[in-house]
Structure formats: C-alpha cells, structure tokens
Amino acid sequence: MRSVAGMSTSRAIGTTRTVFSAAAMVVSSALPVALLAAFAVRIEDTLSISDAQIGGAISVYFGVSVVFAMTGGRLADRLGPMRALATAAGLTSLALVGAAAVARSYPVLLLFFAIAGTGQALAAPTSNVMLAAGVRAARIGTAMGFKQASVPLAAFLAGLAVAVSAADLSWRWPFAFAVVVPALAVATAWSVRISRVGMTHPEPKKVMRLRDMWRYPLAGGLSTFSASAITGFVVLGLEDSGFTESVSGLVLTIAGFGSLAVRIGSGVLKDRFGYRAVHAVMVLLLVGALGFGLMVSGIG
C-alpha cells in the first residue's frame with residue numbers, strides 16, 4: 001500500500017484527539033433523534049402530538065439526511081475536515097437549541113429536525129474524512145469502531161437522561177444541554193493537526209468499481225433503517241406495554257451500551273486478526289435479524 005505522495009507516513013498525528021473529535025461529532029448529530037425518541041412521551045404531552053407525528057419527525061430527520069448525503073460528502077471534501085465539522089456542529093447546535101427554545105408547535109419541531117438531518121448528512125462524511133486523514137491504516141478498524149459506536153452512545157446518553165431525570169423535568173432542558181457535545185467536538189478538532197497519514201492508495205487489483213458498490217449501501221441502509229425504527233419507538237412501545245418511563249429509558253440505555261461494545265470490539269478485532277470485514281458484517285446482520293424476529297414474535 002502506498003501513502004499519498006509527499007505526506008509523512010511515520011505516525012498518525014493527533015490520533016486519539018482525532019478519533020475523539022470525530023466520535024463527538026457523530027454523537028452530537030445523532031442526539032436530536034435519540035432525545036426525541038427518549039423523551040417522546042413528554043414531547044407528545046407538551047405539543048399535543050401523537051406517536052405517528054413523532055414518527056414523522058424521525059422520518060424528516062433521516063429523510064433529509066438521505067437527500068443531502070451526497071452533497072454532504074462533496075462539501076466535506078471541499079471545505080476540509082475542520083471547517084466542515086464546524087459547519088455540521090453549527091447546524092446540530094441550531095437544531096438542538098431551536099427545538100428547546102422555540103418549538104411550540106409540530107411544524108416548528110419538524111423544521112428543526114430537518115436542520116438536524118442536514119447536520120447529520122455533513123457530520124457523517126466529515127468524521128470519515130478526519131479518520132482517514134489522521135489515523136494509520138493499521139488502526140483504522142479500531143478508529144472506525146469508536147466512531148460508529150458514537151451512534152448507540154447517543155441512544156445510551158438519551159436513555160440515561162430519561163432514567164435519571166425527574167418525571168416532571170421538561171424535555172427542553174436535555175435538548176438545550178446537549179449542545180455541549182458539538183461544542184466539545186469543535187474544541188477538540190481545532191487542537192488536532194490533521195495530516196493525511198492514513199490515506200493510502202489501494203493496489204489496482206483491489207480497487208472496486210463504483211457500479212459494484214451498490215450492495216454495500218443497500219445492506220447498510222436496510223440495517224440502519226431497521227435499527228433506527230427500533231430506537232425511535234422503543235420507549236413508546238415499552239410504555240404502551242406497561243413499563244414505566246424510567247424502566248423504558250433504562251432498556252434503551254442497556255441496548256445502546258451493548259451496541260457500543262460490539263462496534264468497538266469488532267473494530268479492534270478487525271485490526272488484530274485482519275479477517276474480511278464483509279464476513280463479520282454478514283454475521284452481525286444475521287444476529288440482528290434474529291433479534292428482530294424474536295421481538296416481533298412476542299416471545300417473553
């Protein structure tokens with residue numbers, strides 16, 4: 001594998017801080033929808049909306065993310081990781097503070113979740129660019145594991161907020177305090193000197209043609225769709241089944257922690273043993289499908 005011409009390959013520069021900043025950005029971009037799911041009951045009571053409308057807000061968030069995904073990737077390349085991350089953090093912060101401060105009706109809530117989706121569309125490719133630029137290839141699996149663990153970490157934090165908060169606490173306070181996370185991502189990023197030591201050119205025989213890559217985003221999209229649907233309605237579903245809000249939040253927290261551990265662990269194992277990642281993904285998707293089947297069956 002050859003390094004990018006003219007770039008030092010002696011070591012990754014600011015690896016730990018690079019991973020931390022990228023992970024913090026992913027956490028912050030996922031927090032709006034995680035907090036929406038965790039505090040759905042309180043939001044419904046405050047805005048006088050239904051479960052279906054909560055689902056609509058989640059759909060707006062992910063729909064906007066899908067529409068602007070390609071644009072976000074191009075913008076991340078054009079702006080560079082630092083400015084792109086600051087832009088994504090600004091959009092996410094606006095969505096969180098806006099929802100907390102001025103969302104008094106459902107259309108306004110949808111507006112801020114559209115903004116949050118735009119921030120997510122930029123945050124995801126930006127975090128990937130940061131890792132590719134600041135982490136050596138031998139450690140990229142671990143770095144990506146930590147970055148991908150940031151999504152369930154957002155669910156973990158949101159569920160924990162529900163579990164430990166007073167029942168009469170307004171949902172607006174967690175949204176407002178969550179703005180600390182994107183601010184932390186930016187503060188850490190500016191202390192990182194990004195190089196391109198992790199960027200490598202694969203050998204010609206290993207280059208995958210663009211038209212052959214459709215299977216991967218399709219599989220990833222379907223699995224993400226399923227997981228997001230479960231996360232978005234787990235608290236509401238458990239409460240409808242008779243569980244308290246605190247217990248429902250605790251379930252979300254435990255599930256988020258489990259997903260976090262698996263993502264980090266799989267990245268570490270990939271770097272250590274060098275197995276084909278696609279095989280591990282197939283196993284994880286099959287296990288996830290089994291879990292979905294058990295939930296649908298109503299066993300237990």
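Which residues in helix α10 (residues 180–189) are buried? I took this to the structure, which is a predicted model.

**Entry 1: helix α10**

I found V181, P182, A185, V186, T188 and A189 buried in α10. Next I looked at where they sit around the helix. They cover an arc of only 165° around the axis, so they lie on the same side of α10. A handy reminder for my notes: an α-helix has 3.6 residues a turn, so residues three or four places apart point the same way. Turning to the other side of α10, I saw that V180 and A187 are exposed. I also looked up what covers the buried residues, and the cover includes α1 (15–38), α5 (81–102) and α6 (106–134).

**Entry 2: α8 with α12**

How do helix α8 (residues 150–164) and helix α12 (residues 245–273) cross? Their axes come within 7 Å, and the crossing angle is roughly 155°. Angles over 145 degrees count as roughly antiparallel, which makes α8 roughly antiparallel to α12. I noted that this crossing is left-handed. In the contact I picked out several α8 residues, among them L153, F156 and L160, and on the α12 side residues including L250, F257 and R263. Sorted by class, the residues of this contact are 12 nonpolar, six polar and two charged.

**Entry 3: α7 with α8**

I then followed α8 to another neighbour, helix α7 (residues 140–148), whose axis comes within 5 Å of that of α8 and crosses it at roughly 30°. The two helices are therefore roughly parallel to each other. Here F146, K147 and Q148 of α7 meet S150, V151 and P152 of α8. I listed this contact as three nonpolar, two polar and one charged residues.

Definitions and conventions
Residues numbered from 1 in each chain as written. Predicted model: local features only at pLDDT ≥ 70, side-chain atom pairs only at ≥ 80, totals over all residues. Heavy atoms only, no water. Axes fitted to C-alpha atoms, helices over the stretch in contact; angles between N-to-C directions. Helix = DSSP H or I, 4+ residues; strand = E, 2+ residues; numbered from the N terminus. Parallel < 35°, antiparallel > 145°, perpendicular 65-115°, else oblique. Left-handed = near helix turned anticlockwise from the far one by under 90°. Contact = heavy atoms within 4.5 Å. Nonpolar A, V, L, I, M, F, W, Y, C, P; charged D, E, K, R; others polar. Buried < 20%, exposed > 50% of the residue type's maximum accessible area, 1.4 Å probe, protein only. Arc of directions from axis to C-beta.
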